[in-house]
Amino acid sequence: MRRLDIRITGEQKRYLDDLEEDLRQSMPEMERDNPEHQRITKNSFIRVLLEVARQLDLRVTGEHIHNEADLLQAVFETLQTKLPDFRSSEVPESESPEAPK
């Protein structure tokens with residue numbers, strides 16, 4: 001794993017905090033002797049979302065993108081066209097190595 005520092009809004013931070021807390025409360029207690037059991041963090045959510053984009057081979061062109069709002073719109077439009085092709089409930093194998101969070 002490589003470190004990357006990102007800036008997010010307060011609203012995005014609160015959303016990640018809530019996601020992490022909701023998931024933590026609903027997960028079974030950590031089984032220390034189970035090597036498959038790992039703590040899920042805010043970084044876990046970010047990595048998972050990035051992996052979804054990577055698995056979908058999400059690409060946008062920059063010809064009409066002037067700011068982050070334009071990028072958000074382009075990503076939504078790209079997802080709307082790509083997602084119908086991925087109707088399988090099967091999760092693809094990730095090429096990313098597993099590492100402690």
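Reply: A salt bridge is a side-chain nitrogen of Lys or Arg within 4 Å of a carboxyl oxygen of Asp or Glu. The structure is a predicted model, in which local features need pLDDT of at least 70 and side-chain atom pairs count only at pLDDT 80 or more, while totals for chains, interfaces and linings use all residues. Residues are numbered from 1 along each chain as its sequence is written, and side-chain values use heavy atoms, with hydrogens and water left out.

A search of the whole structure finds 8 salt bridges. One of them joins Lys13 to Asp17, with 2.9 Å between the closest N and O atoms. Both residues belong to helix H1, which covers residues 10-26; because Lys13 and Asp17 are 4 residues apart there, about one helical turn separates them. Helices (H or I, at least four residues) and strands (E, at least two) are DSSP runs, numbered from the N terminus. Lys13 is partly exposed, at 37% relative accessibility, and Asp17 is also partly exposed, at 25%. In these terms, buried means under 20% relative accessible area, exposed means over 50%, and partly exposed lies in between (1.4 Å probe, protein chains only).

Asp17 also forms a salt bridge with Lys42, where the closest N and O atoms are 3.3 Å apart. Lys42 lies in helix H2 (residues 42-55) and Asp17 in helix H1, so this pair ties together parts that are 25 residues apart in sequence. Lys42 has a relative accessible area of 24% and is partly exposed.

A further salt bridge is formed by Arg24 and Glu21, whose closest N and O atoms are 3.8 Å apart. These two residues lie in helix H1, 3 residues from each other, which is about one turn of the helix. Arg24 is partly exposed at 39% relative accessibility, and Glu21 is partly exposed at 33%.

Accessible areas come from the Shrake-Rupley method with a 1.4 Å probe, and for residues only the protein chains shown count as cover. Ile46 is partly exposed, at 32% relative accessibility.

Beyond H2, the loop between H2 and helix H3 (68-82) contains Asp57. Asp57 has a positive phi of about 55° although it is not a glycine. Most residues other than glycine have a negative phi. Asp57 is partly exposed at 39% relative accessibility.

The wider setting can now be described. The protein chain has 3 helices and 0 strands, and its elements run α-α-α from the N terminus on. Of its 101 residues, 10% are buried. The accessible surface of the chain comes to about 9400 Å², of which 52% belongs to carbon and sulfur atoms. Among contacts (heavy atoms within 4.5 Å), those between residues 24 or more positions apart account for 51% of the ones with a separation of 6 or more.
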